[in-house]
Amino acid sequence: MLFSDLLQETYFALSANKSRSVLTILGIVIGIGSVITMISIGQGAAKNIESNIESLGSNLLVVMPGSQRGIGTAVRGGMGSATTLTLADAQAIDDQVEYAEEVAPTTSSRKQVKTTQGTNTNTSIYGVDESYGRVKNITMEQGNFINNIQVRKVTKVAVVGPTTRDDLFGEGSNPIGQKIRIENLEFTIVGVTASKGGTGFGSSDDLIYIPISTIQRYLTGNDSVNNINIQVSEADLMTLAQDQITSLLLTRHKIADSLQADFNIMNQADILSTATSVTDTLTLLLGAIAGISLLVGGIGIMNMMLTTVTERTREIGLRKALGAKNNNISRQFLMESVALTFIGGVIGIIIGWLAAYAVTKFSGTTTSVTTFSILLAFGVSAAIGTIFGYYPARRAAKLNPIDALRYE
Amino acid sequence: MIKCENITKAYKTGEAEFEVLKQVSFEIKKGEFVAIIGPSGSGKSTLMHILGALDSPSSGKYFLDNQNILELSENQLAEVRSQKIGFVFQSFNLLSRATVLRNVQMPLIYDSKTPKDQRQQKAEQALNAVGLEKERWHHLSNQLSGGQMQRVAIARALVNEPDLILADEPTGNLDSKTGDIVLETFKELNKKKGHTIILITHERYVADHADRIIEIRDGRIISDKASNHDGLKIK
């Protein structure tokens, strides 16, 4: 039996019962389509998070205070409770770690902010210096970022995020030169940053930057910093730089055992992998839900094929009497189920793609249809055709020709 | 060409064993037109299944072209059916949604010896041999009359140029007039083209068309003699 004969027989068999074939294909279309859409949503979320993290700056190391250890006791405070990280540490890293290209210490605090017009908001105040803008790739919408002269002179100037500007002065207005009050201190606005996207807590659009010296003197009242952002010159040197910073800070803080360190160094790659593991789980979950509908579609195929085998018992008997071997028969039925899932798979991929596009268009959620998910869908649909078609095909092939010919 | 030696076929239903065929022996030569006649339950259908390599006997020997059919595997039996035997059934067994030509070509798709480009030609030859009008060839088989359907089925049995044509009650679903046409077709194929034909029936009138009649009853051959075509003369 030639392969072209097999295809022809399959075409005749499937077109002989159009409505049933179409309904069975529909089951697979829904299954494959939802797999493609769901996975694209998961992968879209992953891409979104990845690009968000990358937009924070590249080759970034963040030194954060660890838990403070009471002298002579074994009691450790909470993470970040130590106040031992200082501007001097940042300066030392800048001077002594050769791969540290930019060093940007920050101190932050959450405060109520008022304008002279009476509007107010509660937002994060970041004490930064000039290098912070370079490390975090901050671009300006209006005016300029904080510069080192302002830091040295402890001036009361502020750069606001676009969301904060909208809250305080109205959408799209130009607040440069306007005054804001933070804890009864008057700050002059010198710039507005460009939007980086992202909403909610920790958004890089809803905050106010002031010189780090100003925040330490007037708002926090001490010399400690919340974290030190360090840009390393090359991605390959991240680990080396991390090691150098660790040993430098251990020496400076007079700690012999690295396990007792009062600081933590976060690598951007670590943050990325944590975030990716979350989105991977999300993708898996969504994929599993869609997989169930695919399974149901597969059972639909098996159901149809079993019905077909029963209906065409006489035909099977006839074919055997005319010289068909068992594997001719089983191949014919297997081909029918594979054809159903194949057609369903192709249509499902197209529909899934369109659905993913629609999701992006109407809900704004990023989606991403990858080659991987298409290959996966193809593989799964072919496998389903084979697995769920196998049993009915075997059953057809094993029919006794005499019984099959007599079947009414 | 066909040689049966002591063929016995027994079915087991629970504890009881029931012998459908008991020690049946006969020979059929190439080019013969033989009718096997017997009432229902006589074992003639079982005999046809064995002759057609669809079933195997419980004991005994069956040689087709000097080949012992009992020694063959399932796939080899399929090969024998494909190469040497053409079946004609009482209920035609055509694929109803397929055209006449496609129905006739069906045995050829299981026959690796016929190249694809010769199938059409072979099918046309077979349809000419059974005398089906050319304008019907592209009709769907369910648009034909009973007599036409049975002639398509005979063409299908012929298309592979088998040594043996086995017809199981070929006129059973036809009125007597169309039945006669079908029987004439068989006679012609036997006389003019030399096909070996075995006709299985329970009607004496149908059997009388053959040259030799084997009568079977309760699983045994009770007579085996040349036909004097009596039934045809009375009519």
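What percentage of the 235 residues in chain B do buried residues make up, and what else can be said about that chain?

Analyst: Buried residues make up 47% of the 235 residues in chain B, where a residue is called buried if 20 or more other C-beta atoms lie within 10 Å of its own, exposed if there are 12 or fewer, and partly exposed in between, with the C-beta atoms placed from the backbone. This is a predicted model, in which local features need pLDDT of at least 70 and side-chain atom pairs count only at pLDDT 80 or more, while totals for chains, interfaces and linings use all residues. Residues are numbered from 1 along each chain as its sequence is written, and chains are lettered from A and ligands numbered from 1 in the order in which they are written.

Along the principal axes, the C-alpha atoms of chain B fill a box of roughly 50 × 45 × 35 Å. Of the contacts in chain B with a separation of 6 or more, 69% are between residues 24 or more positions apart, two residues being in contact if their C-beta atoms, placed from the backbone, lie within 7 Å.

Helix H1 of chain B, residues 44-51, is mostly covered, with 8 of its 8 residues buried. The buried residues of H1(B) run from B:Lys44, B:Ser45, B:Thr46 and B:Leu47 to B:Met48, B:His49, B:Ile50 and B:Leu51. Just after H1(B), B:Ala53 takes a positive phi of about 60°. Most residues other than glycine have a negative phi. Another positive value in a residue other than glycine belongs to B:Asn6, whose phi is near 50°; B:Asn6 is in strand E1 (residues 2-13) of chain B and counts as partly exposed because 13 C-beta neighbours lie inside 10 Å.

B:Leu158, in helix H5 (residues 146-158) of chain B, counts as buried because 25 C-beta neighbours lie inside 10 Å. Not counting residues up to four places away in sequence, B:Leu158 touches B:Gly86, B:Ala126 and B:Ala129; B:Ala129 is 29 residues away from B:Leu158 in sequence and 8.7 Å away in space, C-alpha to C-alpha. B:Leu164, found in strand E7 (residues 164-168) of chain B, also counts as buried, with 23 C-beta neighbours inside 10 Å. With the exclusion of residues up to four places away in sequence, the residues that B:Leu164 touches are B:Lys84, B:Ile85, B:Thr196 and B:Ile198. B:Leu164 and B:Ile2 are 162 residues apart in sequence, yet their C-alpha atoms are 9.3 Å apart in space.

The remaining part of the picture is the partner. At the interface, 19 residues of chain B are in contact with 18 residues of chain A. On the side of chain A that touches chain B, helix H1 (3-16), helix H10 (313-321), helix H11 (326-363) and helix H13 (401-406) of chain A each supply at least two residues, and H10(A) gives the most, with 5 residues. That side of chain A divides into 10 nonpolar, 3 polar and 5 charged residues, where Ala, Val, Leu, Ile, Met, Phe, Trp, Tyr, Cys and Pro count as nonpolar, Asp, Glu, Lys and Arg as charged, and the others, Gly among them, as polar. As for H11(A), its 38 residues should span 56 Å at 1.5 Å a residue, and its end C-alpha atoms are 53 Å apart, which agrees; the expected span is 1.5 Å times one less than the number of residues. H11(A) is followed by A:Gly364, whose phi is positive, near 80°.

How values were computed:
Helix = DSSP H or I, 4+ residues; strand = E, 2+ residues; numbered from the N terminus.
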